[in-house]
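Please keep the structure open while you read.

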Amino acid sequence: TPSNVLEQFRMAGKVVVVTGAADGIGLAVTEAMAEAGANVVLWYNSNKAAVEKSQELAKTHNVNSAAFQVDVSEATQVSETIKKVVEEFGKIDVFVANAGMAISKPILEQTLTEYQKQMSVNVDGIVYCAKYAGEVFHRQGFGNLIITSSMSGHVVNVPVDQPVYNATKAYVTHFGKSLAREWREFARVNIVSPGFFDTKMGASPLCINEAYRMSPMGRQGHTKEIKGLYLYLASDASTYMTGSDVIIDGGYVL
Ligand code: NAI
């Protein structure tokens with residue numbers, strides 16, 4: 001690790017995979033990595049804008065990039081795509097398991113299909129990505145997993161009923177902490193727990209109002225305000241950091 005702090009943040013030569021990279025937080029994180037010089041691999045589900053974005057980032061920042069369509073709730077797609085990434089890029093330095101979704105309804109109104117959908121994307125999706133990226137990390141002898149969880153894995157005091165979503169986030173936070181211990185000899189694992197951010201997921205008036213009313217900052221976060229945290233966790237600036245769960249929520253959970 002270089003002793004100069006700005007050098008520690010440089011990502012040149014590193015390969016970073018981001019899931020949910022076409023939108024919101026994932027897109028901002030992908031931009032942050034490319035801006036810091038990393039080669040970026042964008043995983044997207046439905047939003048094909050990721051393909052163009054990948055080309056644009058490569059051109060603007062003179063890095064290598066690729067976009068893959070993957071449904072993270074399908075184990076085979078996850079394992080096959082991780083193989084392809086390693087074939088094409090030679091390694092994975094950082095895997096940002098960020099894709100997620102929410103169905104905001106009381107449990108009494110949710111169908112079992114709605115319940116299962118949230119479990120399959122937010123829990124199975126994170127577990128599959130971690131497991132298959134972890135196999136690569138173990139083989140390489142190095143690696144770095146960052147999980148996007150949520151403040152709602154800590155507190156239930158959100159403006160809408162989303163019991164299953166909240167529980168999926170508590171799950172992945174604790175799962176990530178457990179992996180930090182399991183993988184201590186070869187990889188770091190950290191968790192980011194965002195509060196209200198101005199993405200598609202955070203776009204409901206209820207979320208906007210709650211952020212305005214209840215957080216000391218009095219507003220939602222902009223995705224550009226989360227870039228530095230992910231870069232810190234992904235880079236050599238945070239080599240002593242593992243098993244941490246970093247809340248970034250404008251003070252909401254105080
Ligand atoms: P978003 O809705 O803009 O982005 C979510 C991304 O996940 C999309 O690109 C979507 O295509 C992808 N995705 C969904 N299901 C998928 C699947 N089966 N396979 C692959 N990709 C899939 O929302 P945002 O806010 O950018 O969400 C990113 C992460 O941040 C999520 O895990 C979310 O739970 C978390 N989060 C967001 C907060 C907010 O206020 N925006 C607050 C706390 C956590």
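1. Ground rules. Two residues are in contact if their C-beta atoms, placed from the backbone, lie within 7 Å. By that test, and leaving aside neighbours within four places in sequence, leucine 231 is in contact with Phe9, Ala32, Met33 and Ala36. This is a predicted model: local features need pLDDT of at least 70, side-chain atom pairs count only at pLDDT 80 or more, and totals for chains, interfaces and linings use all residues. Residues are numbered from 1 along each chain as its sequence is written.

2. Overall build. The chain has eight helices and seven strands. These are DSSP runs, numbered from the N terminus: helices are H or I with at least four residues, strands are E with at least two. The radius of gyration is 17 Å, close to the 18 Å that the globule rule gives for 254 residues, so the chain is as compact as a globular protein of that length. That radius is taken over C-alpha atoms, and the rule is 2.2 Å times the number of residues to the power 0.38. The C-alpha trace spans about 45 × 40 × 40 Å along its principal axes.

3. Buried residues make up 48% of the 254 in the chain. A residue is buried if 20 or more other C-beta atoms lie within 10 Å of its own, exposed if 12 or fewer, and partly exposed in between, with C-beta atoms placed from the backbone. Of the contacts with a separation of 6 or more, 73% join residues 24 or more positions apart.

4. Helix α2 on helix α8. Two packed helices are described by the angle between their axes and the distance between the axes. The axes of α2 (residues 24–35) and α8 (residues 227–234) come within 9 Å and cross at roughly 55 degrees. Axes are lines fitted to C-alpha atoms, for helices over the stretch in contact, and angles run from 0 to 180 degrees between N-to-C directions. The two helices are therefore oblique to each other. Angles under 35 degrees count as roughly parallel, over 145 as roughly antiparallel, 65 to 115 as roughly perpendicular and the rest as oblique. The crossing of α2 and α8 is right-handed: the near helix is turned clockwise from the far one by less than a right angle. Ala28, Val29, Glu31, Ala32 and Met33 of α2 meet Lys227, Tyr230, Leu231 and Ala234 of α8. By class, this contact has seven nonpolar, no polar and two charged residues. Ala, Val, Leu, Ile, Met, Phe, Trp, Tyr, Cys and Pro count as nonpolar, Asp, Glu, Lys and Arg as charged, and the others, Gly among them, as polar.

5. Leucine 231. This residue sits in α8. Leucine 231 and valine 29 are 202 residues apart in sequence, yet 7.6 Å apart in space, C-alpha to C-alpha.

6. Helix α2 on helix α3. How do α2 and α3 lie to each other? They are roughly parallel. Their axes come within 10 Å and cross at roughly 25 degrees, with α3 covering residues 49–61. The contact is made by Leu27, Thr30, Glu31, Ala34 and Glu35 of α2 and Lys53, Leu57 and His61 of α3. These residues divide into three nonpolar, two polar and three charged.

7. Leucine 57, in α3, is buried, with 25 C-beta neighbours inside 10 Å. Beyond its sequence neighbours within four places, leucine 57 is in contact with residues including Thr30, Ala34 and Val40. Asparagine 62 lies in the loop between α3 and β3 (65–69). Asparagine 62 is exposed, with 10 other C-beta atoms within 10 Å. It has a positive phi of about 55 degrees although it is not a glycine.

8. Helix α5 on helix α6. Helix α5 (residues 112–140) and helix α6 (residues 163–182) pack at about 15 degrees, axes 9 Å apart. They are therefore roughly parallel to each other. The residues of this contact divide into 12 nonpolar, three polar and no charged.
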